[in-house]
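Let's walk through a protein together, starting with the whole chain and then moving to single residues. Keep the picture open as you read.

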Amino acid sequence: MKALIENIQHYCLHDGPGMRTTVFFKGCPLRCLWCSNPTTQRMPKELLQKADDCLGCGLCARVCPKGAVAFEPGKAPVIDRELCDDCGLCARECPGKALVMAGNEYTVEEVFDILKGDMLFYRNSGGGVTFSGGEVLSQSAFAVELAERCRRLGINTAMETSGFAPYERLLALADVMDHIFFDVKHLDDEAHRRLTGQPNALILDNIRRLGREKGGNVRIHLRLPLIPGLNDAPEHLDRYGAFAAGLEGIADLELLPYHRLGKNKYDMLGRGYALGDVPPPARDAVAAAVGRVREHAGHVKVLCVA
Ligand code: SF4
Ligand code: SF4
């Protein structure tokens with residue numbers, strides 16, 4: 001079995017306890033406007049351009065069978081994304097690695113061997129592996145098999161998910177995970193569609209059911225990415241706290257303040273950044289939001305994960 005993986009990142013300190021190795025799966029059914037990993041969204045491999053690394057050789061324009069590359073000496077080439085079909089020929093030839101393909105196919109064995117290489121760090125820090133994306137549930141059979149192998153070696157397992165998938169896939173992962181970080185991005189369906197491109201009914205059903213049926217076996221962390229002007233209105237925060245309080249089997253609720261770290265990836269993909277110049281929320285705004293959610297979250301612990 002093979003999966004398309006965008007990246008495997010070592011020595012991560014987020015999304016689970018201790019030091020972690022994070023596997024970024026490719027493919028996601030959502031298109032969140034603030035996504036910091038747009039290179040994981042689409043399922044086929046995609047051409048990325050790092051214009052600063054260009055050596056100015058013009059080879060890409062010569063090999064492109066689609067005529068998608070315009071090259072002028074002394075300037076980085078311009079890729080016509082309408083013509084480009086992500087065949088990868090230019091990336092194979094590019095001597096400066098200014099053109100690269102996002103996504104590589106791996107077998108379970110290959111990823112497992114890489115993860116095992118960090119065993120000492122897991123042991124010394126109480127860490128483990130985290131599956132991220134993209135959406136892990138879009139390649140769930142692979143993820144289940146990989147997580148089973150990790151668990152047999154005693155490696156702690158965690159995953160991030162949008163929860164937008166048939167419940168059975170979530171259930172299969174829940175049986176091999178120690179932690180699930182479950183994003184619910186907006187409680188209003190119309191707003192959810194506008195911000196992510198998908199409705200929220202399936203996601204809300206899945207978190208309710210998962211908490212009820214599996215909350216005793218796996219630590220489920222509800223997550224709200226806090227995006228200024230999009231989902232941080234006081235009435236939404238009140239409603240969100242009450243929603244968390246009504247769930248069964250939730251370990252805690254984490255608020256993740258918006259950041260702009262993924263912006264340069266949009267440039268590499270030749271795509272615009274939907275949030276323009278929206279700044280990250282100020283410290284006191286985040287503190288106020290946490291306080292507001294807390295007021296309505298009852299017994300659920302509310303944290304801020306910056
Ligand atoms: S092949 Fe690579 S280094 Fe050469 S012009 Fe194209 S992008 Fe630049
Ligand atoms: S990926 Fe293929 S089609 Fe796209 S610019 Fe490179 S060679 Fe041309």
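This is a predicted model: local features need pLDDT of at least 70, side-chain atom pairs count only at pLDDT 80 or more; totals for chains, interfaces and linings use all residues.

Of the 306 residues, 48% count as buried. The accessible surface comes to about 14100 Å², and 51% of this area belongs to carbon and sulfur atoms. The contacts also tell us something about how the chain meets itself: among those with a separation of 6 or more, 69% are between residues 24 or more positions apart.

Now let's zoom in on charged side chains. How many salt bridges does the structure hold? There are 19 salt bridges. One of them joins E46 to K26, with the closest N and O atoms 3.0 Å apart. Because E46 lies in strand β3 (residues 46-49) and K26 in the loop between β2 and β3, this pair ties together parts that are 20 residues apart in sequence. Are these two residues buried or exposed? Both E46 and K26 are buried.

Other salt bridges sit within a single helix. K116 and D113 meet at 3.4 Å, N to O, and both lie in helix α3 (residues 108-116), 3 residues apart, which is about one turn of the helix. K116 has a relative accessible area of 34%, so this residue is partly exposed; D113, with 42%, is partly exposed too. Helix α7 (residues 189-196) holds both R194 and E190, which are 4 residues apart, about one turn of the helix. Their side chains form a salt bridge of 3.5 Å, N to O. E190 is partly exposed, with a relative accessible area of 48%.

Salt bridges can also be linked to one another. In this model, D15, E160, R223 and E254 are joined in a network of salt bridges. Let's stay with D15 for a moment. You can find D15 in the loop between β1 (2-12) and β2 (20-25). Why does D15 count as buried? Its relative accessibility is 18%, and buried means under 20%. The side chains of D15 and R223 are joined by a polar contact of 2.8 Å. Leaving out residues up to four places away in sequence, D15 touches R20, T130, A158, E160, F181 and R223.

Finally, look for the aromatic rings. The structure holds 5 aromatic pairs. A pair of rings is described by the distance of the centres and the angle of the planes. For Y11 and F121, these values are 5.0 Å and 65 degrees, and the pair is edge-to-face. Y11 lies in strand β1 and F121 in helix α4 (residues 119-125), so the pair ties together parts that are 110 residues apart in sequence. F121 counts as partly exposed, at 36% relative accessibility. Elsewhere, ring pairs link F25, F131 and F142 into a cluster.

How values were computed:
Residues are numbered from 1 along each chain as its sequence is written. Chains are lettered from A and ligands numbered from 1 in the order in which they are written. Side-chain values use heavy atoms; hydrogens and water are left out. Helices (H or I, at least four residues) and strands (E, at least two) are DSSP runs, numbered from the N terminus. Buried means under 20% relative accessible area, exposed over 50%, partly exposed in between (1.4 Å probe, protein chains only). A polar contact is a pair of N or O atoms within 3.5 Å; within protein, one must be able to donate a hydrogen and the other to accept it, and residues adjacent in sequence count only if both atoms are side-chain atoms. Contact means heavy atoms within 4.5 Å. Rings of Phe, Tyr and Trp (its six-membered ring) pair if their centres lie within 6.5 Å; planes under 30 degrees apart count as stacked, over 60 as edge-to-face and the rest as tilted. Accessible areas come from the Shrake-Rupley method with a 1.4 Å probe; for residues, only the protein chains shown count as cover. A salt bridge is a side-chain nitrogen of Lys or Arg within 4 Å of a carboxyl oxygen of Asp or Glu.
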